[in-house]
Amino acid sequence: MRLILAPMEGLADVYLRRLITAQGGFDRVVSEFVRVVDQLLPESVFYNVCPELLQGGRTDSGTPVRVQLLGNHLDALAANAQRAIALGSDGIDLNFGCPSKTVNRSQGGAVLLREPDTLYQVVRAVREALPAHLVVSAKMRLGYDDTELMLDNARAIADAGATELTVHARTRAQGYAPPAHWHELARIREAITIPLIANGDVWTPADYRACRQIAGTPDIMLGRGAIRHPDLAQRIRHNDETPMAWARLAGLIGQFWREVRRDMPEKYCAGRLKQWLNHLRAVHPDAERLWHKVRAERSLPALDTLIRALEADPEGMTED
């Protein structure tokens with residue numbers, strides 16, 4: 001079993017990566033993507049996306065972090081892969097799954113799933129730029145509009161020399177709409193000889209067991225499930241269906257807020273807290289009640305007071 005925290009642009013930033021991996025259970029993290037166009041990027045870009053590079057390419061709890069690159073310019077991708085490795089990345093991951101219209105219009109992310117030959121060339125360029133012992137992984141979806149090229153894409157990535165392949169079990173057109181199509185992952189697993197990592201709709205340990213059985217792989221990438229349940233990886237490892245107690249989660253919300261307030265520009269702090277609470281409230285009734293208390297608040301001192309009250313009395317703070 002390998003459990004990996006997914007790259008989620010604008011969501012799984014360094015603050016949540018730090019908090020979630022501190023709960024234990026993860027083998028690796030993949031960073032938000034570094035967008036590559038046609039040039040070697042300065043080191044500051046990598047440090048901005050992946051501050052963990054400044055501490056040996058690991059989170060505070062010691063979980064290795066792998067930089068993800070997005071783009072289609074072969075020489076630039078190769079050069080930036082070398083730079084990421086030199087800065088301490090735990091291998092290189094390539095993004096062929098981002099559904100963003102803006103990214104896709106610039107020929108990056110999931111749009112490349114229309115072109116298996118391009119996938120091959122991108123992976124090959126990065127693979128040849130790095131020593132053989134370093135991992136080059138890739139993440140894709142089942143396809144762009146449909147699954148017609150699914151197996152061609154997976155084989156192209158594997159044949160180009162990728163070490164492992166993560167597949168989000170939806171097409172780009174399906175976005176994040178349920179369900180994830182785990183049965184398609186079983187077809188991919190049979191078509192390639194490199195390890196397959198399944199991704200999509202694993203919210204609970206029971207989901208993990210079902211996905212593992214249907215997809216035929218023990219290796220899972222956790223995305224939104226880990227955002228909503230920070231201890232999900234640890235619970236999967238212990239087959240524990242008991243959700244995190246609200247008092248403990250309230251403490252994590254307080255920790256998150258203090259770190260955001262310390263490091264982020266003030267204009268982004270309130271939105272960052274509300275974004276995470278918006279995910280938490282989907283599964284935690286107390287988070288729903290807290291959300292209603294903070295959603296219209298813009299004053300950072302007022303939010304400071306609310307979060308201090310939450311930490312002092314988690315149950316009282318979320319009473320109706």
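**One residue and its setting**

Tutor: Asparagine 239 is partly exposed, at 48% relative accessible area; buried means under 20%, exposed over 50%, and partly exposed lies in between, with a 1.4 Å probe and protein chains only. This is a predicted model, in which local features need pLDDT of at least 70 and side-chain atom pairs count only at pLDDT 80 or more, while totals for chains, interfaces and linings use all residues. Residues are numbered from 1 along each chain as its sequence is written, and side-chain values use heavy atoms, with hydrogens and water left out.

The backbone angle comes next. Asparagine 239 is not a glycine, yet its phi is positive, near 50°. Most residues other than glycine have a negative phi, and most peptide bonds are trans. Asparagine 239 sits in the loop that links helix H10 (232-237) to helix H11 (246-263). Helices (H or I, at least four residues) and strands (E, at least two) are DSSP runs, numbered from the N terminus.

Aspartate 201 also has a positive phi, about 60°, without being a glycine. The loop that holds aspartate 201 runs between strand E7 (196-199) and helix H8 (205-215). Aspartate 201 counts as buried, with a relative accessibility of 16%. Another loop, between strand E6 (164-168) and helix H7 (182-191), contains proline 179. Proline 178 and proline 179 are joined by a cis peptide bond, with omega about 5°.

Now the strands. E1 (residues 3-5) and E2 are paired in parallel by 2 bridges; two strands pair if DSSP finds at least two bridges between them. Strand E2 (residues 28-35) has 7 of its 8 residues buried. Strand E3 (residues 65-70) runs parallel to E2, and 5 bridges join them. At one point in this pairing, valine 34 faces leucine 69 of E3. From E2 the chain passes through helix H2 (residues 43-49) to reach E3, a right-handed β-α-β crossover. Right-handed means that, with the strands pointing away from the viewer, the path from the first strand over the helix to the second runs clockwise.

In a regular strand the side chains alternate between the two faces of the sheet. In E3, 6 of 6 residues are buried. Val65, Val67 and Leu69 are buried on one side, and Arg66, Gln68 and Leu70 are buried on the other. E3 also pairs in parallel with strand E4 (residues 92-96), over 3 bridges, and glutamine 68 stands opposite aspartate 93 in E4. Helix H3 (residues 74-87) forms a right-handed β-α-β unit with E3 and E4.

Finally, the whole chain. There are 15 helices and 8 strands in it. The chain has a radius of gyration of 20 Å, close to the 20 Å that the globule rule gives for 320 residues, so it is as compact as a globular protein of that length. That radius is taken over C-alpha atoms, and the rule is 2.2 Å times the number of residues to the power 0.38. Along the principal axes, the C-alpha atoms fill a box of roughly 55 × 45 × 35 Å. Of the 320 residues, 57% count as buried. Among contacts (heavy atoms within 4.5 Å) between residues at least 6 apart in sequence, 70% join residues at least 24 apart.
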